Amino acid sequence: MVVVSRDADGRWYVTFQVDTADPEPMPETGHAVGVDLGVKDFAVTSDGERIANPKHLERKARNLARYQRQMARKQKGSANRRKAKGKVARAHRKVRNARQDFLHRTSTNLVCGADVIAVEDLSVSNMVRNRRLARAISDCGWGEFRSQLEYKTSRAGKILVVVDRWYPSTKTCSSCGYVLSGLKLSVRAWTCPGCRTRHDRDINAAKNILAAGQAVARGTSGDACGADVRRGELPRAQSAVKQEPQPVRVGIPRL
Ligand SMILES: [Zn+2]
């Protein structure tokens with residue numbers, strides 16, 4: 001079947017289906033990674049890698065906002081309004097494409113670099129209640145990123161573990177398991193009262209997400225050492241535990 005379509009800014013698209021063989025599983029890397037998704041950085045990994053939102057995406061988003069303001073000032077039904085509308089549609093497309101490109105590159109890099117990827121189950125709708133964060137969150141494409149990770153790990157014979165969102169990954173010391181009573185969003189680094197380890201907020205969270213994810217991957221593979229995680233036979237995404245205050249304690253050493 002061939003579908004020919006035209007989008008709002010006048011571009012034509014031809015869509016057709018092709019049959020291909022199932023992809024070969026990717027070679028094992030022997031590596032597992034935890035990923036903390038954020039607003040300041042798009043993502044921070046347990047390896048200490050920071051993946052910033054690309055600057056060109058921000059610039060395109062600002063352009064889009066400007067064109068939208070311009071359009072709002074034109075009279076309804078006028079030729080100028082129609083022209084302005086075209087500009088908005090083009091700016092929309094550029095933002096969408098730039099974001100898709102960034103998300104695809106980022107998810108592919110992660111899937112190539114690890115056998116097990118652990119992410120937090122961010123319930124976007126819940127976080128969006130904080131209005132100041134709402135715009136930034138809905139703009140950064142976490143939902144799309146998560147679904148890319150799901151199908152890419154599945155195709156590559158790798159494992160994606162989704163850790164319960166009630167798990168206090170940010171407030172828990174990844175070295176000794178000490179749990180802080182609270183940690184303000186503005187605090188980017190802290191020292192553990194239990195073991196005196198100095199933590200970067202996001203890297204520490206990513207390490208905890210990794211530990212929780214590995215515990216889940218171990219449990220489902222039936223191998224106590226976690227060295228042999230079965231590939232391609234597990235469900236693509238697994239929820240670590242149900243919604244209890246501190247569900248995942250396995251694999252996290254405590255004093
Ligand atoms: Zn500690």
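Is R196 buried or exposed? With a relative accessibility of 61%, R196 counts as exposed, where exposed means over 50% relative accessible area, buried under 20% and partly exposed in between, with a 1.4 Å probe and protein chains only. The model shown here is predicted, with local features needing pLDDT of at least 70, side-chain atom pairs counting only at pLDDT 80 or more, and totals for chains, interfaces and linings using all residues. Residues are numbered from 1 along each chain as its sequence is written, and side-chain values use heavy atoms, with hydrogens and water left out.

**Figure 1. The protein chain as a whole.** Let us start with the overall picture. The secondary structure comes to 6 helices and 10 strands; these are DSSP runs numbered from the N terminus, with helices being H or I of at least four residues and strands E of at least two. Of the 255 residues in the protein chain, 39% are buried. Among contacts with a separation of 6 or more, 65% come from residues 24 or more positions apart, a contact being heavy atoms within 4.5 Å. The chain exposes about 15,100 Å², and carbon and sulfur atoms supply 50% of that area, as given by the Shrake-Rupley method with a 1.4 Å probe.

**Figure 2. R196 in its loop.** Look for R196 in the loop between β8 (189-191) and β9 (198-200). Most residues other than glycine have a negative phi. R196 is not a glycine, yet its phi is positive, at about 65°.

**Figure 3. Helix α1 against helix α2.** Two packed helices are described by the angle between their axes and the distance between the axes. Here the axes of α1 (residues 55-73) and α2 (residues 79-113) come within 9 Å and cross at roughly 160°; axes are lines fitted to C-alpha atoms, for helices over the stretch in contact, and angles run from 0 to 180 degrees between N-to-C directions. The two helices are therefore roughly antiparallel to each other, given that angles over 145 degrees count as roughly antiparallel, under 35 as roughly parallel, 65 to 115 as roughly perpendicular and the rest as oblique. The crossing of α1 and α2 is left-handed, meaning that the near helix is turned anticlockwise from the far one by less than a right angle, while clockwise would be right-handed. On the α1 side, the contact includes H56, L57, K60 and L64, and on the α2 side it includes R81, A84, V88 and H92. The residues of this contact divide into 11 nonpolar, 4 polar and 6 charged; Ala, Val, Leu, Ile, Met, Phe, Trp, Tyr, Cys and Pro count as nonpolar, Asp, Glu, Lys and Arg as charged, and the others, Gly among them, as polar.

Figure 4. The axes of α2 and α5 are 9 Å apart, and the helices pack at an angle of about 40°. That makes α2 oblique to α5. The crossing here is right-handed. Residues of α2 including T106, L110 and V111 meet residues of α5 including F145, L149 and Y151. By class, this contact has 7 nonpolar, 7 polar and 2 charged residues. Q148 lies in α5 (residues 142-156) and counts as buried at 0% relative accessibility. Leaving aside residues up to four places away in sequence, Q148 touches Q100, L103, H104 and S107.

**Figure 5. E49 and its surroundings.** E49 is found in the loop between β4 (43-45) and β5 (50-51). At 47% relative accessibility, this residue counts as partly exposed. Not counting residues up to four places away in sequence, E49 touches A43 and V44. The C-alpha atoms of E49 and I203 are separated by 8.2 Å, although the two residues are 154 residues apart along the chain.
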